[in-house]
Amino acid sequence: MNDLSIRICTIRAAEGGARLLIEVVVEEQGEARRELLAILSARLERLPRVGPIDEEQYEVLKHEAAISDAIAAGLRALGANGSSRRHLCEKLCMRGIRREVAAIAVEELAEKGYLKEEEGALREAEKGLAKLWGDRRILADLSAKGYGGGALKYAAARLRSEDGAARCAQLISKRRMPIPTDAKEAQKLFAALTRYGYSAGEIRHAMEKLS
């Protein structure tokens with residue numbers, strides 16, 4: 001015998017109608033608990049009604065509430081900064097949101113234009129330029145943060161407008177890296193600048209600028 005009873009008690013609009021606050025009472029084995037589910041109105045194909053609902057309808061409402069919460073968390077995580085789909089999904093998972101729910105939320109944010117990967121990649125590239133990183137390191141950092149495809153091409157185009165050799169020379173001066181006087185010291189400096197993401201040609205031209 002199934003003694004589970006689920007009922008929607010109240011439904012009210014919030015945030016100018018953008019969300020529905022649905023109060024549900026679940027009774028089981030003589031015990032009752034109340035839940036308040038906040039769901040984005042746009043995600044509902046039809047509005048629920050006050051009254052009894054079955055367990056399947058209840059699970060659908062809980063799932064939609066979880067996605068709505070994840071979308072809100074995604075917006076907060078984005079703030080003024082951009083992000084890649086993968087990085088934002090990881091952020092939401094770190095906040096305790098199930099990966100499947102986080103993935104749905106991220107895709108919805110992307111579809112609605114909140115997640116602008118190209119702009120996010122460009123902002124991250126600018127940060128790398130400010131750190132005097134070479135193009136290779138900047139692009140590797142973007143890739144590690146989940147940017148790919150068009151976003152990487154967008155950032156790479158921005159980097160091509162920069163003088164990599166001049167940036168490398170600026171790094172050498174700022175870090176007060178000693179100008180090598182023999183082959184061994186030159187090899188050490190070359191290795192260090194390579195780790196910063198500079199190509200062999202950029203390093204040679206930078207040394208010529210400083211000599």
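**Figure 1. His205 in helix H9.** At 44% relative accessibility, His205 counts as partly exposed. Buried means under 20% relative accessible area, exposed over 50%, and partly exposed in between (1.4 Å probe, protein chains only). His205 is found in helix H9. Helices (H or I, at least four residues) and strands (E, at least two) are DSSP runs, numbered from the N terminus. Ala166 sits 39 residues from His205 along the chain, and their C-alpha atoms are separated by 8.1 Å. This is a predicted model: local features need pLDDT of at least 70, side-chain atom pairs count only at pLDDT 80 or more, and totals for chains, interfaces and linings use all residues. Residues are numbered from 1 along each chain as its sequence is written, and side-chain values use heavy atoms, with hydrogens and water left out.

**Figure 2. The whole chain.** The chain holds nine helices and four strands. Read along the sequence, the pattern is β-β-β-β-α-α-α-α-α-α-α-α-α. The radius of gyration of the chain is 27 Å, well over the 17 Å that the globule rule gives for 211 residues, so the chain is more spread out than a compact globule. That radius is taken over C-alpha atoms, and the rule is 2.2 Å times the number of residues to the power 0.38. The C-alpha trace spans about 85 × 30 × 25 Å along its principal axes. Buried residues make up 42% of the 211 residues.

**Figure 3. Helix H7 and its neighbours.** H7 covers residues 164-174. Its buried residues are Gly164, Ala165, Arg167, Cys168, Ala169, Leu171 and Ile172. They pack against five helices: H4 (117-130), H5 (135-144), H6 (149-160), H8 (183-195) and H9 (200-210). Asp163 caps the N-terminal end of H7. A side-chain oxygen of Asp163 lies 3.1 Å from the backbone nitrogen of Ala165. Just after H7, Arg176 takes a positive phi of about 55°.

**Figure 4. Ser83 between two helices.** Ser83 lies in the loop between helix H1 (55-78) and helix H2 (85-94). Ser83 is buried, with a relative accessible area of 3%. Its side chain reaches the backbone nitrogen of Leu88 at 3.4 Å. Not counting residues up to four places away in sequence, Ser83 touches Leu78, Leu88, Leu115, Glu117, Gly120 and Tyr147. Contact here means heavy atoms within 4.5 Å.

**Figure 5. Glu124 in helix H4.** The place of Glu124 is in helix H4. With 14% relative accessibility, Glu124 counts as buried. Leaving aside neighbours within four places in sequence, Glu124 is in contact with Asp141, Leu142, Lys145 and Tyr147. Tyr147 is also among the residues that Ser83 touches.

**Figure 6. Lys62 in helix H1.** Lys62 belongs to helix H1. Lys62 is partly exposed, with a relative accessible area of 30%. Lys62 touches Glu35 and Leu37, not counting residues up to four places away in sequence. Glu35 is 27 residues from Lys62 along the chain, and their C-alpha atoms are separated by 9.6 Å.

Notes
A polar contact is a pair of N or O atoms within 3.5 Å; within protein, one must be able to donate a hydrogen and the other to accept it, and residues adjacent in sequence count only if both atoms are side-chain atoms.
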